[in-house]
Amino acid sequence: MISSERIPNNVDLSGDKRLQRALEHWQPRYLEWWRDMGPEGFQDHHQVYLRTAISVDPDGWAHFEFVKLPDYRWGIFLAEPVSDRAIGFGDSLGKPAWQEVPGEFRNQLRRLIVTQGDTEPASVEQQRQLGAKCPSLYDLRNLFQVNVEEGRHLWAMVYLLHSYFGRDGRDEAEELLMRTSGNRDKPRILEAFNEPVDNWLDFFMFTMFTDRDGKSQLMSLSESALDPLARTTRFMLTEEAHHMFVGETGITRILERTCQLLKETGGLSEDVHRVGGIDLEMIQRHLNFWFSRSLDLHGSEISSNAASYFANGLKGRAREDSFDDHTVTDAIYDMETCDDGRLSRQEVPMRNAMNEVLRDWYVGDCQGGVQRWNKILEQYGFSDRLYLPDKKFSRGIGIFSGFHFDPQGHPVSAEEWERRKGEWLPSAADKDYLKSIMAEPVYEPGKFANYIAPPRRGINRQPLDFEYVRTEA
Ligand SMILES: [Fe+2]
Ligand SMILES: [Fe+2]
């Protein structure tokens, strides 16, 4: 069970006074950050119907209550330990998992934890203005659920920094509250987390694709030889699943509404626009953008860092136990590469291709979601389909960055790219249009904005017209 101390936890925090004091010192700074950088306009006078973990086993999630956002019970929850857990991959395969950080891997582990930790508050900052444009109270509540859990994920990483990295860890924990998304001088570490997310189409694509990168990173960290890191990330994954649910079903509902409007108006994008819907091409452009940004988050295709993380047992592959070979010393990855813009293939030692292995897993996971979206188009009798762009399309990191490819992966010249990028990626006109249809938030229980269909069911079996976010008089 989770204790109900000032900082809820299942790590016996009160048994470690030094750590408890350090975290109690960090807590007010966190709350200050939340008030300044968290959901704008929903801090003091709104009660939100939120799910809070009261224990870390599966039924620990069944607890829902109305809370003010700053009063959410952020805390430190680790998945239950696996007894006699052994290292599952790399050069130390089969040796006991570590309960402390080995000195020789300290810097690498700190870097992994800080990079993961930085994404959590970043996404809260990116999404802070969405409340004032929400399509319904149901969606508003989901946004806030995602936000508080990302806040808690920051707590999870800060707990590791404070517990295992001494002075450096404490400094890093402070820095995590000082960088801000999109800030010119002190931006967030990874590029996708500096992009604005200021309309709900971006939000749903972000939670579908960028939170899913979170899933692949967390899955690979949950294999780590550092047992506290493995247990922390394992519990974070249970929260992450809801974020992807929000993204996937959000787009499903937009597609449903778009299909209805296409049927009603005669089947042209212009007609969908005329009645305030979001046409399929615009949806595809946003998909292209967030998918390619999220591919970048997996890092360079050929990476000695990735090889070293794997060799040292710090970061494995998603579902490491589904592989036969856990040391991967001889295997080769047949990789598509790019020599001065010319495509070729190269045999890369598998350990150096670990980022690519994880990216492949990620692409497969995304593909499943896109197939589910296409079922909607099929049900409505349309032949149009959404698709994932090629891995080479619009990349900012890795061997394909600096070259231009169309969404099918064919090389295109810089001129053609300039001429056609408006077909492939969201344009300023798209953003203006989305802003215009989201200008008025929908706060009436049971009502939904015109561009999105209602969900199939409410949260925790509540009706759709339940007042998921209450305004205090
Ligand atoms: Fe997260
Ligand atoms: Fe997330």
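Colleague: How many bridges join strand β1 to β2, and do they run parallel or antiparallel?

Modeller: In this predicted model, strand β1, which covers residues 46–51, is joined to β2 by 4 bridges, and the two strands run antiparallel. Within that pairing, Leu50 stands opposite Glu65 in β2.

Colleague: What holds strands together in a sheet, in general?

Modeller: Strands of a sheet pair through backbone hydrogen bonds, and the pairing can be either parallel or antiparallel.

Colleague: And which strands make up the open sheet, in what order?

Modeller: The open sheet is formed by 3 strands in the order β2-β1-β5, with antiparallel pairing. The edge strands are β2 (64–67) and β5 (469–471), each of which pairs on one side only. On average, neighbouring strands of this sheet are turned by 20° against each other, if direction is ignored.

Colleague: Which helix lies across β1 and β5?

Modeller: That is helix α3, made of residues 137–164, which lies across β1 and β5 and runs at about 70° to β1.

Colleague: How does α3 pack with α4, in terms of angle and axes?

Modeller: Helix α3 and helix α4 (residues 166–176) pack at an angle of about 155°, and their axes are 7 Å apart. Angles over 145 degrees count as roughly antiparallel, and α3 and α4 are therefore roughly antiparallel to each other. On the α3 side the contact is made by Leu154, Val158, Leu161, His162 and Tyr164, while α4 contributes Gly169, Arg170, Glu172, Ala173 and Leu176.

Colleague: Staying with α3 for a moment, is Leu143 buried or exposed?

Modeller: Leu143, which lies in helix α3, counts as buried, with 23 C-beta neighbours inside 10 Å. The cut-off behind that word is 20 or more other C-beta atoms within 10 Å.

Colleague: Which residues is Leu143 in contact with, leaving aside its neighbours within four places in sequence?

Modeller: With those neighbours left aside, Leu143 is in contact with Gln127, Leu130, Gly131 and Cys134. As for Phe203, which is 60 residues away from Leu143 along the chain, the C-alpha atoms of the two are separated by 8.8 Å.

Colleague: Let's change topic: what do β3 and β4 form?

Modeller: Strands β3 and β4 form a hairpin with 2 residues between them, and Asp340 in the turn has a positive phi of about 55°. Strand β3 (residues 332–339) is joined to β4 by 8 bridges, and these two strands run antiparallel. Along this pairing, Cys338 stands opposite Leu343 in β4.

Colleague: How many of the 8 residues of β4 are buried?

Modeller: The number buried among the 8 residues of strand β4 (residues 342–349) is 0, so the strand lies largely in the open.

Colleague: Where do Asp12 and Asn460 lie?

Modeller: Asp12 lies in the segment before α1 (17–37), and Asp12 is exposed, with 10 other C-beta atoms within 10 Å. Asn460 lies in the loop between α12 and β5, and Asn460 is partly exposed, with 13 other C-beta atoms within 10 Å.

Colleague: Since α12 came up, which of its residues are buried?

Modeller: In helix α12, which spans residues 428–437, the buried residues are Asp430, Leu434 and Ile437. Seen down the axis of α12, these buried residues fall within an arc of 70°, so they line one face of the helix. They pack against α5 (200–221) and α8 (280–296). The face of α12 turned away from the buried side carries the exposed residues Ala428, Ala429, Asp432, Lys435 and Ser436.

Colleague: Last topic, the whole chain: how many helices and strands are there?

Modeller: The secondary structure of the protein chain comes to 12 helices and 5 strands. The radius of gyration of the chain is 23 Å, close to the 23 Å that the globule rule gives for 473 residues, so the chain is as compact as a globular protein of that length. Along its principal axes the C-alpha trace spans about 65 × 65 × 40 Å.

Colleague: What share of the residues counts as buried?

Modeller: Of the 473 residues of the protein chain, 45% count as buried. Among contacts between residues at least 6 apart in sequence, 69% join residues at least 24 apart.

Methods
Residues numbered from 1 in each chain as written. Chains lettered and ligands numbered in written order. Predicted model: local features only at pLDDT ≥ 70, side-chain atom pairs only at ≥ 80, totals over all residues. Buried ≥ 20, exposed ≤ 12 C-beta atoms within 10 Å, placed from the backbone. Arc of directions from axis to C-beta. Contact = placed C-beta atoms within 7 Å. Rg over C-alpha atoms; globule rule 2.2 N^0.38 Å. Pairing = 2+ DSSP bridges. Axes fitted to C-alpha atoms, helices over the stretch in contact; angles between N-to-C directions. Parallel < 35°, antiparallel > 145°, perpendicular 65-115°, else oblique.
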